[in-house]
Amino acid sequence: MYSCYSCGKTYSILELRWRCDCGGFLTLLEETTFSRETFANRGYSIWRYRESYQLPPHAPSISLGEGWTPIVTERIEGTEVRFKLDYLMPSGSFKDRGASVLVSLCKVLGIEELVEDSSGNAGASMAAYCAVAGIKCRIFAPAYTPEGKLIQTRLYGAEVVKVPGTRQDTNDAVLKAATTIYYGSHLWNPFFVQGHMSAAFELWEQLRGELPHSIMVPLGSGGYLEGIYRGFRTLQLSGLVRTIPRLIGVQAHNCRPLYEAYFLGLDVGAPVETKPTLAEGIAVSRPPRASAVLEAVRRSGGTILSVSEDSIRTAHALLLRHGFYTEPTSATALAGWLQMPVEERENSIIFLTGHGLKESEKIAQIHGLKV
Ligand SMILES: *Cc1c(COP(=O)(O)O)cnc(C)c1O
Ligand SMILES: [Zn+2]
């Protein structure tokens, strides 16, 4: 059952719907089962926990083996810190968790074609899973998007629609298309968020229930943080964990609507002026699920940090020196961790969300390497 976060109206998940009639975003009513017995003999992917996503019965698992990414421990400035290597995913980013579940929903609903707007990792991920599912995928992107960013999406077989004008014009165009074609939106669709719950379940299993004190994630729309919170909440309701780790979202100073909202005590994203940032993957100026994200941060006892371009560059260089080849967006989480007082850094896990191989030329430029 879907429930509107604003007005509480409920809808069947068998409806082709991505938001409430009132315009509010949807969540799934929280009564998932999570018990060891169900998955003890299953393979290691996000589908190990399939009951928790609340998909309709008989939904297939459209899967490329996503999830169960490694955890690696390093020592940085004298403190041990663990990294969850979520860039090691089939399409090169954590978004495969959400795309795998959302495309599985589309498949069971008999959807043959969908639209989505993303010039980055979400578009590539949706294109990959639509290819597996045999669903036609049309990705809307602003005309100014460099072709290089769209190669992976095109090669998976998605159709790319370039829209002249601003990001807002692309948004308007996809909403228009969405009146007749299903909107498989990573920003709006609650099943995309459901897929992200898997990260919490994995941490709990991989660490044998010894959860970290803090979890650091780059924060864009906040869908990842919201999903991780929902995962831990499910574990808590199942009596498997007592407290939820502090969820700490890190935004780029140049695009920080959730950071501003958090400190102003708002429950929607704050209107902010945005500037370009190295962390392109989290440059979301109007995150539609902001109120759920802010609630997740508050309920976990976490916080939101904002980091400068310089500190992102420095953190990215540090990641490279430790052998992690991620996109600059991922470095915000480490930059946030380095910004915390030393005594707060203990027992943290930093999520590395996107692969660097997608952006080698940009990375070379950032670090002054001539190619
Ligand atoms: C999308 C993305 C994020 C941010 O995820 P949200 O769910 O939008 O907060 C972080 N890192 C990378 C690499 C991404 O692609
Ligand atoms: Zn509503």
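Predicted model: local features only at pLDDT ≥ 70, side-chain atom pairs only at ≥ 80, totals over all residues.
From the side chain of Lys95, a polar atom lies 2.7 Å from an oxygen atom of ligand 1. The side chain of Thr353 places an N or O atom 2.7 Å from a nitrogen atom of the ligand. A backbone approach is found too: a polar backbone atom of Gly220 is 2.9 Å from an oxygen atom of ligand 1. Taken alone, the ligand exposes 380 Å², and the protein buries 96% of that area.

Strand E13 comes next. This strand spans residues 348–352 and is mostly covered, with five of its five residues buried. The cover extends to both faces: Ser348, Ile350 and Leu352 are buried on one side, and Ile349 and Phe351 are buried on the other. Strand E5 (residues 79–85) runs parallel to E13 and is joined to it by four bridges, with Arg82 standing opposite Ile349 of E13. Strand E10 (residues 214–218) also pairs with E13 in the parallel sense, here over three bridges. In that pairing, Met216 stands opposite Ile350 of E13.

E4 and E5 are antiparallel and share six bridges, among whose facing residues are Ile76 and Thr79, the latter in E5. The two strands form a hairpin with two residues between them. One residue of the turn, Glu77, has a positive phi of about 45°, although Glu77 is not a glycine. Glu77 belongs to the loop between strand E4 (71–76) and E5. Is Glu77 buried or exposed? Its relative accessible area is 57%, so Glu77 counts as exposed.

Asn347 lies in the loop between helix H12 (342–345) and E13, and its phi is near 55°, a positive value in a residue other than glycine. With a relative accessibility of 37%, Asn347 counts as partly exposed.

Elsewhere in the chain, four strands form an open sheet with parallel pairing, in the order E8-E7-E6-E9. Its edges are strand E8 (159–163) and strand E9 (182–183), each of which pairs on one side only. Strand E6 (residues 113–117) runs parallel to E9 and is joined to it by two bridges. Within this pairing, Leu114 has Tyr182 of E9 as its bridge partner.

A second open sheet, of three strands, is antiparallel and has the order E2-E1-E3. Strand E2 (10–11) and strand E3 (26–28) form its edges, and each pairs on one side only. Three bridges link strand E1 (residues 2–4) to E3 in an antiparallel arrangement. Cys4 takes part in this pairing, with Leu26 of E3 as its bridge partner.

How many disulfides does the structure hold? The count is zero. Cys4 is buried, with a relative accessible area of 3%, and Cys20, at 4% relative accessibility, counts as buried as well.

Conventions. Residues numbered from 1 in each chain as written. Chains lettered and ligands numbered in written order. Heavy atoms only, no water. Buried < 20%, exposed > 50% of the residue type's maximum accessible area, 1.4 Å probe, protein only. Pairing = 2+ DSSP bridges. Polar contact = N/O pair within 3.5 Å; in protein donor to acceptor, adjacent residues only side chain to side chain. Areas by Shrake-Rupley, 256 points an atom, 1.4 Å probe, with all protein chains shown as cover. Disulfide = S-S within 2.5 Å.
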